[in-house]
Amino acid sequence: TLLNPKCYLHQILFQESNFSNIIEKLISYLVSIKKYLLIIGLLFLLSIIFISIKISSTPMMLAIFSIGFTELFLQILLFLTFQIAHGYIYSFLAVIAAAFMLGTVMGTLSAKKILPKYFLLSYILLTALVFGFTKIITIFPMASTFPIISFLAGFFGSFCFNSACKIVKKPLSGFLYGTDLLGSCLGALIIGTLAFSLFGVRNACYITGCWNVFILSLNFRRKK
């Protein structure tokens, strides 16, 4: 089905069996322990809390990492769900990608004119987009919905990044960029290879959304 694509997992396992038995065995192992992955994630969150208490700049860095992760998470998820719902229409995938790039441009321009205090508001809206993703594509499954979501993801993410560059000190701006790229890389990699096939669309969105809520809570605490 659209929200729980079992065939996608079997397709990955079949393809990897022809090229790399190691990756096939790794994915099969992760499928067998996917319930325990959530426990490992919880322990990771606890370690993040401890680090954020010690280092004041950690919440902002984590926010940029998570925003980059979420942007590419949504982008790859849009590509995959669109192909499941509407088939392999490669020309329209280019429209989805172009909408994302347009959103990043508009987000950058808006961040120059709008105060950086709206950083958290934009991050909240991006998180809400993740939580509402499955509802949106279920209620509005038409092809035009996908570029709109892509545009919003690019806009909110770009606005957050450029606002963060205004908030932090100048020496950290370059580090913010690297953190954003790392999050984007992992977001695309994890959703494309593991999260989509292991947990399905709905659960993958909920896990990512909950992670963002956690990072938001750390930044609200930092603001106080």
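Helix 4 and helix 5 cross in a right-handed manner; a crossing counts as right-handed if the near helix is turned clockwise from the far one by less than a right angle, and as left-handed if anticlockwise. The model is predicted, so local features need pLDDT of at least 70 and side-chain atom pairs pLDDT 80 or more, while totals for chains, interfaces and linings use all residues. Residues are numbered from 1 along each chain as its sequence is written, and side-chain values use heavy atoms, without hydrogens and water.

Helices are DSSP runs (H or I, at least four residues), numbered from the N terminus. Axes are lines fitted to C-alpha atoms over the stretch in contact, with angles from 0 to 180 degrees between N-to-C directions. Helix 4 contributes E71, L72, Q75, L78, F79, F82 and Q83 to the contact, and helix 5 contributes F92, L93, I96, A97, F100 and T104. Contact means heavy atoms within 4.5 Å. The contact residues comprise nine nonpolar, three polar and one charged. Ala, Val, Leu, Ile, Met, Phe, Trp, Tyr, Cys and Pro count as nonpolar, Asp, Glu, Lys and Arg as charged, and the others, Gly among them, as polar.

Helix 4 also packs against helix 8. Their axes come within 10 Å and cross at roughly 170°. Helix 4 is therefore roughly antiparallel to helix 8. Residues of helix 4 in this contact include M60, I64, E71 and H86; those of helix 8 include F146, G157, S158 and I167. The contact holds 13 nonpolar, seven polar and one charged residues.

Helix 5 and helix 8 have axes 6 Å apart, at an angle of about 30°. They are therefore roughly parallel to each other. Their crossing is right-handed. By class, 14 nonpolar, ten polar and two charged residues form the contact.

The second largest pocket holds about 290 Å³ of space. A pocket is an open set of points on a 1 Å grid over the protein atoms alone, where a 1.4 Å probe fits, with protein on both sides within 12 Å along at least five of seven lines; lining residues have an atom within 4 Å of a point. Grid points are joined across faces, edges and corners, and the volume is the space filled by probe spheres set on them. The lining has 13 residues, with E71, F100, T104, S158 and D180 nearest the centre. Helix 4, helix 5, helix 8 (145-167) and helix 9 (173-223) each supply at least two lining residues. Six are nonpolar, five polar and two charged.

Technical notes
Parallel < 35°, antiparallel > 145°, perpendicular 65-115°, else oblique.
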